[in-house]
Amino acid sequence: PSPAPAARLTRNQTAARAAYVLAGNDRGRLTVAAPQLYPHMWSWDAAFIAIGLARVSTGRALTELETLLAAQWRTGMVPHIVFTEGDATYEPGPQRWACRETCPDAPDGPATSGLIQPPVHGVAVRRILDAARTASTAERREAVQRIRALWPALLAWHRYLATRRDPDGRGILTIYHGWESGLDNSPRWDAPYAAVVPAPEFVPFRRADLHALGALGGAAAQRPSDADYAKYQWLVEELRRAGYDDERARRTLSFRMGDVLTSALFVAANEELATVADELDLPGVDELIGYADRFRRGVLQTADERGFAADIDLRTGAVVRTETVAGFAPLLSGGLDPARRRALVATLTSADWCGHPGFAHALPPSTSPNSAAFDPVRYWRGPQWPPVTWLMVWGLERSGEQETAHALREAALDQLADGLFAEYYHPFTGEPLGARPQSWTAAVALDLLA
Ligand code: 9YW
């Protein structure tokens, strides 16, 4: 039986509860992504969490980024998970990754994974600096000083991406695993995952995710399948065997995709950081603008006549077109001519996407409900994810599409007024799905309400 609908909260109540959730998930110098399911720090979650925290305290928001960047690898790579000590429930855990044992570039501090996630951190830095503008003089001064201290790490992160993850300079970032995209089991990766075949002797490990979610009911239907999970685990094994070395990974991995959404977010982050550099007189402005230009071109090269973007299989050269939310990447990278931008916004608001007449909230689903791959409850194959909504609102605002941005923001606030801050939502019933309360959901609620 579905639970009784939760009481709708007012906007003030939603904001108060969102702040309360973030405080509850705060472990001092980091906010866990979700206490039951993800008891560690995730890279792009940390950026969204910092965006939300900036509305409460720029100091605490900066602490989040400092903790993440303190786990940076010697190559400049920012790992997708920073493990908290004392929780051994999440799989793959530190022993499985064995980064320090395997790769001299792994940091000495806390244990980390050996993958990346989308580089939205520069966006967070920009938002923190903006929030500091209206804070007290002392808070602003401190924020500026701490951003200055973070600067070399931020630049090294972007340099790592622009060089090791785009060695041919085509303006598309390479990912080694669906997890790196942040959209783990998206239909975007179905075709390339066909080439990922675990070795016969490989024994997949216990799935901690289903156990952690068990109490919420329906866990197995809302998460990636076992067959998918075996591939995810096998790719981690391949990467470990490659010593987490980009050069070896490039030659040996059975999955190597050019990720258009991650590339578009990289464009945006470069642009945001360039304005920070400009404002604070920090080095790297031209370099950051150069990266933004190169990756914007790369993103736009994949766009069809509607402006809808595609991924690239870098092992085969194939362009991989799927009806997933990643197609809207050009709204984040910018650069479409006005006619194609209008066409892309019209697609976003059409019945194939946000405007589906059956939707509880007119928000972007992770996969189009008219796609054969659509599944309304299974993770990135259909549900609506609040951080993705946030990105779309933000991208639309940056693209000058204020009216659509406003409509999406209102719909998002309506969805979030259940006060549950779920990981994702059923597009037709509006039901909360996955983990809850999820930190980044609370964080984007705080920011959208500000
Ligand atoms: C996992 C933490 C992470 C997100 C990802 C999301 C999920 C982790 O949770 O992945 O074990 O499946 O797909 O984008 O960062 O919220």
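User: In which loop does Pro437 lie?

Analyst: Pro437 lies in the loop between β8 (432-433) and α20. Helices (H or I, at least four residues) and strands (E, at least two) are DSSP runs, numbered from the N terminus. Residues are numbered from 1 along each chain as its sequence is written. The model is predicted: local features need pLDDT of at least 70, side-chain atom pairs count only at pLDDT 80 or more, and totals for chains, interfaces and linings use all residues.

User: Is the peptide bond from Arg436 to Pro437 cis or trans?

Analyst: The bond from Arg436 to Pro437 is cis, with omega near -5°. The bond from Glu91 to Pro92 is also cis, with omega near -5°. Pro92 is found in the loop between β2 (81-82) and α4 (94-97).

User: How many Å should helix α1 span?

Analyst: The expected span of a helix is 1.5 Å times one less than its number of residues. Helix α1 (residues 11-24) has 14 residues, so it should span 20 Å; its end C-alpha atoms are 20 Å apart, which agrees.

User: Which residues of α1 are buried, and what covers them?

Analyst: The buried residues of α1 are Thr14, Ala15, Arg17, Ala18, Ala19, Val21 and Leu22. Their cover includes α2 (43-53), α19 (402-416) and α20 (439-449).

User: What is the largest nonpolar core?

Analyst: In soluble globular proteins, nonpolar side chains tend to be buried together. A nonpolar core is a set of buried Ala, Val, Leu, Ile, Met, Phe, Trp, Tyr and Cys residues joined through C-beta atoms within 7 Å. Here the largest has 144 residues, and Ala50, Ile128 and Ala443 have the most contacts inside it. Helix α14 (residues 260-280) gives the most to this core, with 12 residues.

User: Which residues does Ile128 touch?

Analyst: Two residues are in contact if their C-beta atoms, placed from the backbone, lie within 7 Å. Not counting residues up to four places away in sequence, Ile128 touches Ala50, Ala54, Thr58, Ala61, Leu62 and Ala143.

Notes
Buried ≥ 20, exposed ≤ 12 C-beta atoms within 10 Å, placed from the backbone.
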